[in-house]
Amino acid sequence: MVSFAKGVIAMSLPKVYVGLPIQDAGLEILQGKVDFRVWDKEGAPPRDLLFSELKDAEGLLSGLPIKVDAELLGAAPKLKVVSNYAVGFDNIDVAEATRRGICVTNTPEVLTAATADTTFALILASARRIMEANAFLRSGEWKVWHPELMVGRQVAGSTIGIVGLGQIGYEVAKRAKGFDMEILYFDVRPNPEAESRFGAKFVKLDELLRESDFVTLHCNLNDSTRGLIGEKELRSMKKTAILINAARGPLVDQEMLYKACKENWIWGAGLDVYNKEPVPLDEPLLTLSNVTTFPHIASATRTARNGMAVRSAENLLAVLQGNKPRDLVNKEVWK
Ligand SMILES: NC(=O)c1ccc[n+]([C@@H]2O[C@H](COP(=O)([O-])OP(=O)(O)OC[C@H]3O[C@@H](n4cnc5c(N)ncnc54)[C@H](O)[C@@H]3O)[C@@H](O)[C@H]2O)c1
């Protein structure tokens, strides 16, 4: 790991706190340009440390474990930029940052392909019972080939319903087209390119839920999407359908999802994200064999993570050098 700049020159550089151990590719960009310190331990930095680091910091490089709320922003009088190492920014109180004239940036595009790949890994793993089959073999239970052994659901030729067809949703549609899937989607705005390239059909959410064999969530978490999938929505899905969530846990009512999978209202679920992360081991969903669970790894490829490190460092530096950052979330702060 690159060590942070120190010494006489560094004293005159803007102070930055890097709240998570991002890849060297990102730290190298900051080297010599800002006076930075890195939190290189597991989990989020303790709140009191964040408060003390942000007393005189002009930049914060944050990530999902760090809650950048009004209280923290209020304790950072010199802060000009919160650069998030993620495309989602629901860990940040953007309205409060905007009110204080603080730029908020994210890292779109660089993690899109990796996240779409993971979505397909969840689709295939859930439909074809991959985790269950792997455990079955290793436990010594595999005694004989049988026509009904580990029979799952066919992905090829089925119908996928994409909720939120933005950048990741678009890449999921591209992969679905390769699997000869019929593509339905719901979004707050249509995506004509996905319609013409992949034959994606824009439908209302209730129709998508009724008609899809796979319902996959790719909208950002905001006031309009929190709890988007609850009891009514789960009950309206096909009994043979699978729900995939590689976006954000709170899009789904997790207790209802447990009931839906346990009582077979739906066939199963594939999850990368949860209401509470890391997921407590007593989470009931973890007891169900028809629920596939990944530990929030959708963007975890070397390519994507290096891209996120570079992009978050570049965005942070841009603001501190007086330039408009490429990925400004709250555009209204830039005059
Ligand atoms: N699991 C992971 O590690 C991981 C990795 C990357 C992204 N994500 C999540 O995926 C989300 C999407 O990323 P993206 O790059 O595609 O973002 P994006 O902004 O390109 O796409 C989000 C889409 O959701 C749509 N949307 C917003 N509100 C909606 C609503 N009420 N109903 C339907 N659609 C709505 C938007 O119009 C947009 O098309 C991120 O916000 C993030 O939370 C998770």
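How many bridges join strand β10 (residues 242–245) to strand β11 (residues 268–271)? The count is 4, and the two strands run parallel. Here are my notes on the rest.

1. **Ground rules.** This is a predicted model, where local features need pLDDT of at least 70, side-chain atom pairs count only at pLDDT 80 or more, and totals for chains, interfaces and linings use all residues. Residues are numbered from 1 along each chain as its sequence is written, and side-chain values use heavy atoms, with hydrogens and water left out. Helices (H or I, at least four residues) and strands (E, at least two) are DSSP runs, numbered from the N terminus.

2. **The seven-stranded sheet.** β10 and β11 belong to an open sheet of 7 strands, ordered β8-β7-β6-β9-β10-β11-β12, with parallel pairing. Two strands pair if DSSP finds at least two bridges between them. β8 (201–202) and β12 (291–293) each have a single partner strand, so one side of each is left without a neighbour in the sheet.

3. α6 lies across β6 (159–163), β9 (214–217), β10, β11 and β12, and runs at about 150° to β10. Helix α12 (residues 254–262) lies across β10, β11 and β12, at about 135° to β11. For these angles, axes are lines fitted to C-alpha atoms, for helices over the stretch in contact, and angles run from 0 to 180 degrees between N-to-C directions.

4. **α6 against α8.** Two packed helices are described by the angle between their axes and the distance between the axes. For helix α6 (residues 112–127) and helix α8 (residues 167–178), the axes come within 9 Å and cross at roughly 50°. That makes α6 oblique to α8; angles under 35 degrees count as roughly parallel, over 145 as roughly antiparallel, 65 to 115 as roughly perpendicular and the rest as oblique. The crossing is right-handed, meaning that the near helix is turned clockwise from the far one by less than a right angle. Contact means heavy atoms within 4.5 Å. The residues of this contact divide into 6 nonpolar, 4 polar and 3 charged (nonpolar: Ala, Val, Leu, Ile, Met, Phe, Trp, Tyr, Cys and Pro; charged: Asp, Glu, Lys and Arg; polar: the others, Gly among them).

5. **The five-stranded sheet.** There is also an open sheet of 5 strands, in the order β2-β1-β3-β4-β5, again with parallel pairing. Its edge strands are β2 (35–38) and β5 (103–105), each pairing on one side only. Neighbouring strands here are turned by 15° against each other on average, direction ignored. Valine 18 is a handy landmark: its bridge partner in β3 is leucine 61, and it stands opposite valine 38 in β2. Leucine 61 in turn has serine 83 as its bridge partner in β4. Helix α3 (residues 47–54) lies across β1, β2 and β3, at about 160° to β1. α13 packs on the sheet too, touching β1, β3, β4 and β5, and its direction makes about 170° with that of β4.

6. **Strand β3 (residues 59–62).** Both faces are covered: Gly59 and Leu61 on one side, Leu60 and Ser62 on the other, are all buried. Buried means under 20% relative accessible area, exposed over 50%, partly exposed in between (1.4 Å probe, protein chains only).

7. **Ser312 and Thr107.** Serine 312 is found in helix α13 (residues 302–320) and counts as buried at 0% relative accessibility. Leaving aside residues up to four places away in sequence, serine 312 touches Leu61, Ser83, Asn84, Tyr85 and Thr107. Its C-alpha atom is 7.6 Å from that of threonine 105, 207 residues apart along the chain. Threonine 107 sits in the loop between β5 and α6 and is buried, also with a relative accessible area of 0%.

8. **Backbone spots to check by eye.** Most residues other than glycine have a negative phi, and most peptide bonds are trans. Glutamate 109, in the loop between β5 and α6, has phi near 70° and is partly exposed at 42%. Asparagine 264, in the loop between α12 and β11, has a positive phi of about 55° and is partly exposed at 44%. A cis peptide bond joins glutamate 277 and proline 278, with omega about -10°; proline 278 is in the loop between β11 and β12.
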